[in-house]
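Q: Please take a close look at a single residue and what surrounds it. Then set that site in the context of the aromatic rings, the helix packing and the chain as a whole.

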Amino acid sequence: MDLACPYCGALHWAAERLASSPVSRPEFGLCCNSGKVRVRPPPEPPLAIQHLFSASDRQANEFRQNIRSYNNAFAFTSLGVKMDKALNRNTHGRAPWVFRIQGQLSHNSGALIPRPGHQPKYAQLYIYDPRMALAERVRLNEDLRPDTMALLQDILTASHQYAPLYRFAHEWLSAQEGAAALESEEPVTIRLAVDPNKDLRRYNLPTADDVAILLPGQEGGDYRDILLRTRAGPLERIHEGHPAYAPLMYPLLFPYGTSGWHSELRLSDPEDPSHPPLSQSLTQTRYYAYQLQVRRTEFSTILRGGRLLQQYAVDVWAAAEQQRLNYLRTHQQELRASLYSGLEDALRGGQDVNLNELGQMFVLPSSHVGGPRYMQQLFQDSMAIARYFKRVDLFLTMTANP
């Protein structure tokens, strides 16, 4: 890869250029959609983090070999998904490691104080005394280096923008719950909400005031807000559209807690950098495609993440897919899905139908990759080609692992 995109600087091969662009001045669409995706470069990670991701000494090699375990030790949220580990049960040690999941994926947040008899974990460790938190992290991860754990804890406690927010939320909730207990009121919660007055399109060196606002109570608010509480209760699912979705789960990839994708991001005018954002939304897939490019001017912790990169890529792809499915579920009227409702399909089938067994069916249009109508459309296209060229000698179905 030796050709740089003229808009964002991402490196490409010559064959990746757009067919409409000349060879002498190649343009590319995969990275920034020909300049329509405009995001400031992320801040340079701390030097100690850069050393762990790029050096070849014993500590750095051990860090990269166990990077998923280190990341889990410092994550604010837990990963809710069923992992398929069958492909990694290789007795010969020659097959590459694979991160494969089954079912729906989610990021979950629990209470800020562990239940009686339980040890603290995830975000709970960020509100403890640093020495106690380090001792607990080392106890839970005996196969990891204590000096690396101490180094990472010092860096993330000082630089990650959500660490002070969680500590302040715990202090405020503890004070409020003391007063609520005297008055026998309901448990108190606080919402971690995105501040709509901040320019979330940009990567800035973050401070607590730049990322979010803490709002007491459960009334109102945005559906993406993260509810924090001190008492035990059900896990809160982090919405895929919250800017904290990725930095809370991957603190080693985002040591400053840099905000991720959210629905207010917009495309830009490639010809006029000073032009206000366009009305078209910046989709998740476009955002992550921009993020996963190689650029000479950036130190990408994501691309150096090894096994954590695999997990992150699968995670954000699943998040984008779930967002698309949710959009299709809530826009069935626009898709004219009434023609495919379960009742009409069943009645037209000419079968005896128990109406009590019929539920609501959601239709996936042919534009949804992998859906039944998408596969049917590909089959019909193949048959049309066969009718044109007459006899078919060989019919191949090609699949690829993304």
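A: **Local contacts**

With neighbours within four places in sequence left aside, His 160 contacts Phe 76, Ile 155, Pro 247, Pro 251, Phe 254, Pro 255, Tyr 256 and Gly 257, a contact being heavy atoms within 4.5 Å. The model is predicted, so local features need pLDDT of at least 70 and side-chain atom pairs count only at pLDDT 80 or more, while totals for chains, interfaces and linings use all residues. Residues are numbered from 1 along each chain as its sequence is written, and side-chain values use heavy atoms, with hydrogens and water left out.

His 160 lies in the loop between helix H5 (146-159) and helix H6 (162-183); helices (H or I, at least four residues) and strands (E, at least two) are DSSP runs, numbered from the N terminus. The relative accessible area of His 160 is 1%, so this residue is buried; buried means under 20%, exposed over 50% and partly exposed in between, with a 1.4 Å probe and protein chains only. Thr 258 stands 98 residues from His 160 in sequence, yet their C-alpha atoms are 8.2 Å apart.

Phe 254, one of the contacts of His 160, also belongs to a cluster in which ring pairs link it with Tyr 250, Tyr 287, Tyr 288 and Tyr 312. Rings of Phe, Tyr and Trp (its six-membered ring) pair if their centres lie within 6.5 Å; planes under 30 degrees apart count as stacked, over 60 as edge-to-face and the rest as tilted. The structure holds 9 such aromatic pairs. One of them is tilted, because the rings of Phe 63 and Tyr 70 have centres 5.5 Å apart and planes at 40°; both Phe 63 and Tyr 70 are buried. The rings of Tyr 388 and Phe 389, with centres 4.9 Å apart and planes at 85°, are therefore edge-to-face, and both of these residues are exposed.

The axes of H3 (residues 67-74) and H10 (residues 307-330) come within 8 Å and cross at roughly 60°. Ile 67, Arg 68 and Asn 71 in H3 meet Arg 307, Leu 308 and Gln 311 in H10.

As a whole, the protein chain contains 12 helices and 8 strands. Of its 402 residues, 41% count as buried. Among contacts between residues at least 6 apart in sequence, 63% join residues at least 24 apart.

Methods. Axes fitted to C-alpha atoms, helices over the stretch in contact; angles between N-to-C directions.
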